[in-house]
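Hi,

Here's the structure I promised you. Have a look through it first, and then read on for what turned up.

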Number of protein chains: 2
Amino acid sequence: MKLYQKHEATLQEAMQALSTRTYYTPYPENPKAYAEDADAAAKSWISAVMNNNYGALDQTETNGWLGEEVSPFLQVGIGVKYPSFSNETIIKHAIIGQHAWANTSIQQRAGLLIEALDRIKTRFFDIAYATMHTTGQAYMMSFQASGPHANDRALEAIAMGYKELSSIPEQVEWVKNFGKFDLKMNKTWKPVPKGISLVIGCSTFPVWNTVPGLFASLITGNACIVKPHPKAILPIAIVIEEMQKLFIENGLPAQVLQLAVDTLEKPITKELAENPMVKMVDFTGGSQFGNYIEQLPKTTFTEKAGVNSILLDSVNDLKAVLGNIAFSASLYSGQMCTAPQNIFISKHGVQTAEGIVTYDDVVAGIAAAISGLVDNPKAGPGTLGAIQTELTYQRIADAKNWGGKLILESKSIVNEEFKDARIATPVVIELEKTQGKVFNEECFGPIVFIIKTDGIADSLALAEALALQKGALTCGAYTTDASTKQQIASTMNNAFVPVSFNFTGAGFINSHAAFSDFHLTGGNPAGNASFANAEFVNKRFVWVGNREM
Amino acid sequence: MKLYQKHEATLQEAMQALSTRTYYTPYPENPKAYAEDADAAAKSWISAVMNNNYGALDQTETNGWLGEEVSPFLQVGIGVKYPSFSNETIIKHAIIGQHAWANTSIQQRAGLLIEALDRIKTRFFDIAYATMHTTGQAYMMSFQASGPHANDRALEAIAMGYKELSSIPEQVEWVKNFGKFDLKMNKTWKPVPKGISLVIGCSTFPVWNTVPGLFASLITGNACIVKPHPKAILPIAIVIEEMQKLFIENGLPAQVLQLAVDTLEKPITKELAENPMVKMVDFTGGSQFGNYIEQLPKTTFTEKAGVNSILLDSVNDLKAVLGNIAFSASLYSGQMCTAPQNIFISKHGVQTAEGIVTYDDVVAGIAAAISGLVDNPKAGPGTLGAIQTELTYQRIADAKNWGGKLILESKSIVNEEFKDARIATPVVIELEKTQGKVFNEECFGPIVFIIKTDGIADSLALAEALALQKGALTCGAYTTDASTKQQIASTMNNAFVPVSFNFTGAGFINSHAAFSDFHLTGGNPAGNASFANAEFVNKRFVWVGNREM
């Protein structure tokens, strides 16, 4: 209860933010807000960790050590090995964790979990380097996405969970008057946890995409097994290490939260997911596996692939708009689920404050804006980061052979710090609206399609059909016309896609802010869950009421 | 908005009740609280309706008339025919309804729907007679369950919907400070309805089990198609008639809510449920069809079969307890999803305030209590009602051949008002604990199994295994021992089954009160939904947010 009291104010603020949806974070996103020597210490830490066994986890009965992560910046294996276990051992331990964790009170869990975020905060710089050398994210994104922004989403899940778990009283005397007498019952309610939760991570955002489901399952009383992508284990291993330590300090078994690792060659995910003791699965990754997860006869939360569109109709300042789009498409080399892929532009061009700019000039402007960004040595490397996997790298090279017109070739640029980094700037390809076979697929990575349409209505219809069929996490729209704006909002929203209008400057369609923006809507094929609406926590426990006379 | 203002106080009270879980209803359950001539008028009404076409619905493009309802009290067809439609027509009309209804505001919907409940209230007596002559419920249950209690559950769904739909602000200015400048966005959120909703009714509670899903879908902006059981259409047809009239009066198309009827021989349910335009399905009925519904790739809400247990350990007043159990098992001839089927009793007997009563004496006491109730001409007919379907009637006759020891034979009794009623009193059969093959199946109707166990721990283990495997809606437990009580609560709650302890007098495990008791937990095989938790409404719409700079 001490931890609950310590963090009660934060919890209340977070719950308040969930209602007001205004800006809120207790975890500064600027590295300079943290200890001056933290970065240097983390550099030493990552050097020491590489090529060693990761022995900091409290998990027994290992059957060996494995690890095959490769740094996209160094293009060599980082050599970290993690303890591995049979699935039987993992489930056996999870059952122990479940029994202990289900018996904690909601306040106890809230206190422990917010304390965990404070412990994780002390490791933000370690997590940043671990993220860089597994995902290929540049330093700043690694720090922010896996550190403060991930903590924000975790706290959001805790707050949403606490709010829902507190929505029904624990006890009440119920009285019904029958005229001659009162019927009285003593009623009690409990939110009973569903049971063991499996959280499956992805290779590009191993912390940010894992912690919402993880903390949502934990606050609702469920022990968790985290199964990260075999190529991005280290960042979330740090999180799990800190949380296991905290659980043990507080008299709980470390088995409340386990790391389960595997390799690409010998995956364990399906067997774990299908185990009848596993009651819930959170998944981030490709659509094919996500669809498999969704059809399991259990509670599932998925974020799969979507194809995000930009609709370019009319603008005030075209240069500002193109600069914004160029950044959105280049950030982490387009390896974000929220990166734009398809830019729909009318063949009649784009209306600006200075008059119509022709279609060809807009297309050339997009290419120029991207070149201007990536060729700038002060901006390019830090924006692009590196390409996480060889598969994506190959896809970028292949893209020009898919039948479109090559507008801007992908190339490498120099990263002074990491000469061997796997880098690829965005490739820009022009397609006809009839080439839906190409642009209606998610082509993960820095691949930008410009689709020439008959006008904004045509653009919107194409984006809508795509969203209904393949899903989307976001949509960028540029229009100065109120009724067009209304039409876009209504059409895309009815396909359950959120729209960001007229973003320039420091606002990017890629960024969803915790406590305010829902990440995914859960309503289109891009995924069935939403960080963090009420359903994201309510589906993890069951209200059960007893009555007594 | 006038209707919203008219009903705002009721809405606020209902939302308040959902939070406090204390007793609440705006619809008195006592028929005497209504107009003196209402009952007589309803009697005339039902006479006029029988053997006629039901022409009061506002549904066009019919392809014929059909109806095959049979009164369990008269054992003759009631001769009411309803307009029938091709599924194409129903879907076409639902799309029209969906467009109109999705564009109403939340307040508009809340006002209209609570007004609808007031209109339905004027038809409570008509609905009561319609319920009697389709389900076989006795008069008082027909009035209460299909009238005020159904309205309670509908209002509960409206209130829960309104609460959740109001949980996110419509608009906010979001400001993030970057030190040198503020990033500002105008953010808006909309709860976007998922789309057309199909509500599939059952033959025993055609109104009570239909309106929760119906009103939950409507308050969240979804047009509805109600597909009642072919043998229990009339009660819900009245509800739909009143609501269609109200929609039209308020400038909305009647297609917001349609009645879709079929026959046992030519069912239309699967084709409707599988139509891609149907986004949600609510279902009450058998487990086999319910399991089919649950695996459809859409949002589903099911109440299927469960097997409810009573655990008899120790009591103060055995006579009061046995009387209570006898009533629970006899009410509406056990044709309630919340009726007890299995009574687990230790072979060592039951501890009472006057000492141990032997197992055999307790068994004899149960039989005597049931006989005392059903043989009492003032209580029997009104408690039992009639058997809804010949299938159930046959099952009761068969039960004594299932390998158990017959303790009390089922028989008919005289109902002075309805001499031809299909009546069967409860059959009581004793089984060994090894005869799970018999007692682990739902045997719908007035069939009571008494299972002789080795003690309360054994009884509890049997009830738990059954609940985990087959599901249960309720569990009755009698114990005067605090630690046994704790053990029962914890074990059954972890199987997601609510427990009613030591019910005597006017409290019955069959009754779940709206605004307080959840009907189903949604956590065990008896069904995946709960009337009405937050999930019951949240799954019917999607939060979508737009941002603008």
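Which strands of chain A does helix H3 lie across? Helix H3 of chain A (residues 87–102) lies across E5, E6 and E7 of chain A, and its direction makes about 160 degrees with E7(A). Helix H9 of chain A (residues 234–249) also packs on the sheet, where it touches E6 and E7 of chain A and runs at about 145 degrees to E7(A). Before you go further, keep in mind that this is a predicted model.

Now the sheet itself. In chain A, 5 strands form an open sheet in the order E7-E6-E5-E8-E9, and the pairing is parallel. At the edges you'll find strand E7 (257–259) and strand E9 (299–303) of chain A, each of which pairs on one side only. From one strand to the next, the twist averages 15 degrees.

Next, a helix pair in chain A. Helix H7 (residues 148–165) and helix H8 (residues 211–219) of chain A have axes that come within 8 Å and cross at roughly 30 degrees. Angles under 35 degrees count as roughly parallel, so H7(A) and H8(A) are roughly parallel to each other. Their crossing is right-handed. On the H7(A) side the contact includes A:Ala150, A:Ala154, A:Ala157 and A:Gly161, and on the H8(A) side A:Phe215 and A:Ile219 are among the residues involved. Sorted by class, the H7(A)–H8(A) contact has 10 nonpolar, 1 polar and 1 charged residues.

Last, the place where the chains meet. Chain B gives 50 residues to the contact and chain A gives 51 residues. On the chain B side, the elements giving two or more residues include strand E3 (171–177), strand E4 (182–193) and helix H18 (482–494) of chain B. Which element gives the largest share of the side of chain B that touches chain A? That's E19(B), with 7 residues. By class, this side of chain B has 23 nonpolar, 17 polar and 10 charged residues.

There is strand pairing between the chains too: strand E19 of chain A (residues 541–548) and E18(B) run parallel and are joined by 2 bridges. To find the spot, look for A:Arg547, which stands opposite B:Ser500 in E18(B).

Cheers

How values were computed: Residues are numbered from 1 along each chain as its sequence is written. Chains are lettered from A and ligands numbered from 1 in the order in which they are written. This is a predicted model: local features need pLDDT of at least 70, side-chain atom pairs count only at pLDDT 80 or more; totals for chains, interfaces and linings use all residues. Two strands pair if DSSP finds at least two bridges between them. Helices (H or I, at least four residues) and strands (E, at least two) are DSSP runs, numbered from the N terminus. Axes are lines fitted to C-alpha atoms, for helices over the stretch in contact, and angles run from 0 to 180 degrees between N-to-C directions. Two residues are in contact if their C-beta atoms, placed from the backbone, lie within 7 Å. Angles under 35 degrees count as roughly parallel, over 145 as roughly antiparallel, 65 to 115 as roughly perpendicular and the rest as oblique. A crossing is left-handed if the near helix is turned anticlockwise from the far one by less than a right angle, and right-handed if clockwise. Ala, Val, Leu, Ile, Met, Phe, Trp, Tyr, Cys and Pro count as nonpolar, Asp, Glu, Lys and Arg as charged, and the others, Gly among them, as polar.
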